[in-house]
Amino acid sequence: MTQGPAQTLLGALGRMLEDGSILDEGVFTVEQLPQVIAKLEVLIEKSKQQQEQSKEQAQAGGKDAQDHQAETIGLHQRAWPLLEQCRRSLAANKPVTWRKA
């Protein structure tokens, strides 16, 4: 994941430093995973709704909805792999870790 989307996603999950940068590495403990999963589910739903509104606005403005959708990758699309990893890790009773490349 590139830095911009990673900052948005990790920031929403409480993993951002005071200066707005993201941690070089981190962990979601097994105990934290249910809360992280719940937050990700809310973020994904909100992002889907925002993308739908944006699509409707594009259509109202005469822009082709498929062209508009192809131009934008929503946060929900970027968050989905992390959500799935968190679910698998919770089921396996293992933490989720990350490291900035």
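Is Cys 86 buried or exposed, and what surrounds it?

Reply: The model is predicted: local features need pLDDT of at least 70, side-chain atom pairs count only at pLDDT 80 or more, and totals for chains, interfaces and linings use all residues. Residues are numbered from 1 along each chain as its sequence is written, and side-chain values use heavy atoms, leaving out hydrogens and water.

Cys 86 is buried, because its relative accessible area is 0%; buried means under 20%, exposed over 50% and partly exposed in between, with a 1.4 Å probe and protein chains only. Cys 86 lies in helix α4, where helices are DSSP runs (H or I) of at least four residues, and strands (E) of at least two, numbered from the N terminus. Not counting residues up to four places away in sequence, Cys 86 touches Leu 33, Val 36, Ile 37, Leu 40 and Val 96; contact means heavy atoms within 4.5 Å.

Cys 86 also belongs to the largest nonpolar core, which has 18 residues; Cys 86 is among the members that touch the most others, as are Leu 9, Leu 13, Phe 28, Leu 40 and Leu 82. Such a core is a set of buried Ala, Val, Leu, Ile, Met, Phe, Trp, Tyr and Cys residues joined through side-chain atoms within 4.5 Å. At least two core residues come from each of α1 (3–12), α2 (33–60), α4 (75–92) and β2 (96–99), and α2 gives the largest share, six residues. Between Cys 86 and Phe 28 there are 58 residues in sequence and 8.4 Å in space, C-alpha to C-alpha.
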